[in-house]
Amino acid sequence: MFRKSLVFLMLLSVVIAACGPSGSTEAGPIKVGAIFDLTGATSDVGTPYAEGVKAYVDWLNGKGGVNERQIELISADYGYKVPNAEQLYSQYVTQDKVVVFQGWGTGDTEALRGKIASDKIPFMSASYSANLISIEEAPYNFLIGTTYSDQMIIAIKWAMDDWAAKGNSGTPKMALLHHDSPFGQSPWPDGEAFAEANGVEITAIPMPGGATDLTPELSQVQTFGANYVIIQNVDGPASLLLKNAQSLGMSDVQFIGLNWCSDELLIELAGDAAEGFVGALPFTPPSIEVDGMKDAAEYASSKGKSLQEWGVHYIQGWWTMAVMTEGIKRTLDAKQDLTGENIRANLEKIQNFDTGGVTTNISFSPTDHAGNKALRLFRVEGGKWTPISDYISAE
Amino acid sequence: MQSGIFHASYQKDMAFRHTPAQFIRLGLVLAFALIFPFLANNYYLTLANQIGVAAIGAIGLNLLTGFTGQISLGQGAFMAVGAYSSGLMAARLGLPWFVTIPLACLITAMVGALFGVPSLRLKGLYLAIATLAAQQIIEWLITHWDALTGGVEALVVPAPTLFGSAINTDFRFYWIILICLIGTTLFASNLLRSKVGRAFVAIRDQDIAAEVMGVNLFRYKLTAFAVSSFFVGLSGALTAHYRTIISWERFTLETSILFLAMIIIGGLGSISGSIYGAAFMTLLPAILSNLGRGLEDFVPAMARLIPFLQQAAFGLVIILFLIFEPEGIAKLWRDVKDYFRLWPFSY
């Protein structure tokens, strides 16, 4: 009996010892905090994103770092759980004194945004929810990807052009099939307003979580008579939808995916049902070679991997970290202290930052933290994402 | 040298604490709780606050599941009711937090009692499924009743203020949580020494026998649901004001199961066990993540595996606990105390 208690006490003391490390801020490496989803609900896309962020830091440090200073990335898996994200954020900011932070999901980024503002920690995440661009409510959040709202508006624009190009008259009918969550509903209000302003009839249909058959949702689409279906979901449900649509023979309906269901995994999961699927991709996938991927490709091959294996989310992580680093670099160049306030001010000075064709040029300003407002549409042709449009802006 | 605690009068038998050592320990714990925030940095305060909020919720659930024997999978949803009612009243009506939090607790108690109605007819696994339905219904209402809750959008709750200053730091909020936790603990411990508490335990041990003895099952089961939900609602309301931003994603079925795990590991039917369990389940991810970080420096090759090892360790610790100490941390602590009381002549 007592032995067990002793083991417990020992465990406790290990913990207390392990909770120790705390660092200094000045000189030495620049500390960047990060939380990744490597084991949770979104780990399929979270893992390549995390690898991209880590790879960029490692690559940059190999080159000598930012202005001769190394970057120390302090990161952990948070399993897509909000309380874990809060614990890790608090630990990294309080004990490790990180100056900037890389986040991941919509739920945790939203939950943290109040803390982020009061701690003055510039924060970038892979959530492109339009809620995060309000300067008053989220003054330290920066978005590298096109917001979900803008993605949907761009998708509608493209669909209208496509409709006219095919010799149809009038406006097409559209439907948004979305994940039933803040992430899923995020593009709807702005997308609906844009559609209505352009005379497009549009409806929103939620896709129930964990569904194994989406035929009921597709029959709603058919009843409504939609010509274009925009999907705001992740790969699993989106590929199921495409497969169901294929077996229903809905070849006259064009499906368009927003960024979290337009990647290599979707093609893998949906197989030939993905053929002809259009994606709104803010980040160019590695099936297209552009200058902005050279360094990442070299780095990946030096580790015995290839960009194709990691896919578009690796590139996404790489460039998100690169833009963050640009803010740090500009702060160092200006000989300012590396504080959250200074880094934020310098990020806001970034204009037309060139990502070598991976995204449209990134620009921030003190009144606008949505850095990326345009994207290209891609189509799955022969199992590969192939660009079908030039950069289309939501404005 | 003593061989046990013997009570010579009913008064002593009913006492809140039985031995001087218990009072001393209680005093030490209180003193520690009062000094702790002045010594700890924000990280430890965050952990302490998370534990405090979880402990209130766990005590609430333990009243229902541990003492009355009514299993509930609706914990997450009831927390959401507390969080949203308090948050909405504060955000939309501009009521102060010390009004919204008690109101939110009462609302949650009513909702809890409503969903407790099936408990009269349903027991065990069947009741679990009925409360699972409560979880799903409430979650659905929160995400789809846009006009009231704002739907799936996160709800921004104003930070509480007291005498004109905002309680927006971990340090300041610590005191609110501490007062609520002490209040909850006192109420729950005393409830169990009362007629109502004994009726709860009688229902848990054998409901038919309890009814034969004159315990009104319907009334006491509903009371259990209401009282339990009151504290669960308090836990939710505190979450809302502490975090200032809440969304439904925080209150899913996963939360319900996490709280069940807390009370099972801490000790079913034990108030202190609820607190130990809440502390354990809140600290375990932090411990594992820090151990993982230490391990990463030792063996960089393992770095990629560590998140998965952490997940496995989380499960393993829980399984080992259930095998070696099914009565939870509360029992473990009791064993330690017994050992030292009888030392060196234990038998």
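## Basis of the model

The structure is a predicted model, in which local features need pLDDT of at least 70 and side-chain atom pairs count only at pLDDT 80 or more, while totals for chains, interfaces and linings use all residues. Residues are numbered from 1 along each chain as its sequence is written, and chains are lettered from A and ligands numbered from 1 in the order in which they are written.

## Domains of chain A

Chain A is divided into domain 1 (23-145 + 291-364) and domain 2 (148-281 + 377-393), with bounds that come from an automatic or database domain assignment. Taken over C-alpha atoms, the centres of domain 1 and domain 2 of chain A are separated by 29 Å.

In chain A, 14 residues of domain 1 are in contact with 15 residues of domain 2; two residues are in contact if their C-beta atoms, placed from the backbone, lie within 7 Å. On the domain 1 side, helix 2 (43-62), helix 4 (106-119) and helix 13 of chain A each supply at least two residues; helices are DSSP runs of H or I with at least four residues, numbered from the N terminus. Helix 4 of chain A gives the largest share of that side, three residues. By class, the domain 1 side has four nonpolar, eight polar and two charged residues. Here Ala, Val, Leu, Ile, Met, Phe, Trp, Tyr, Cys and Pro count as nonpolar, Asp, Glu, Lys and Arg as charged, and the others, Gly among them, as polar.

## Nonpolar cores

A nonpolar core is a set of buried Ala, Val, Leu, Ile, Met, Phe, Trp, Tyr and Cys residues joined through C-beta atoms within 7 Å; a residue is buried if 20 or more other C-beta atoms lie within 10 Å of its own. The largest core has 119 residues, and those with the most contacts inside it include A155(A), M174(A) and I256(A). Helix 13 (residues 312-333) of chain A contributes the largest share of this core, ten residues. Both domain 1 and domain 2 of chain A provide at least three residues each.

Apart from this core lies another, of 88 residues, among them I138(B), A199(B), A224(B) and L238(B). A199(B) is also one of the buried residues of helix 9 (residues 195-205) of chain B, together with G197(B), F200(B), A202(B) and I203(B). The cover over the buried residues of helix 9 of chain B includes helix 3, helix 8 (170-191), helix 10 (207-212) and helix 11 (217-243) of chain B.

Methods
A residue is buried if 20 or more other C-beta atoms lie within 10 Å of its own, exposed if 12 or fewer, and partly exposed in between; C-beta atoms are placed from the backbone.
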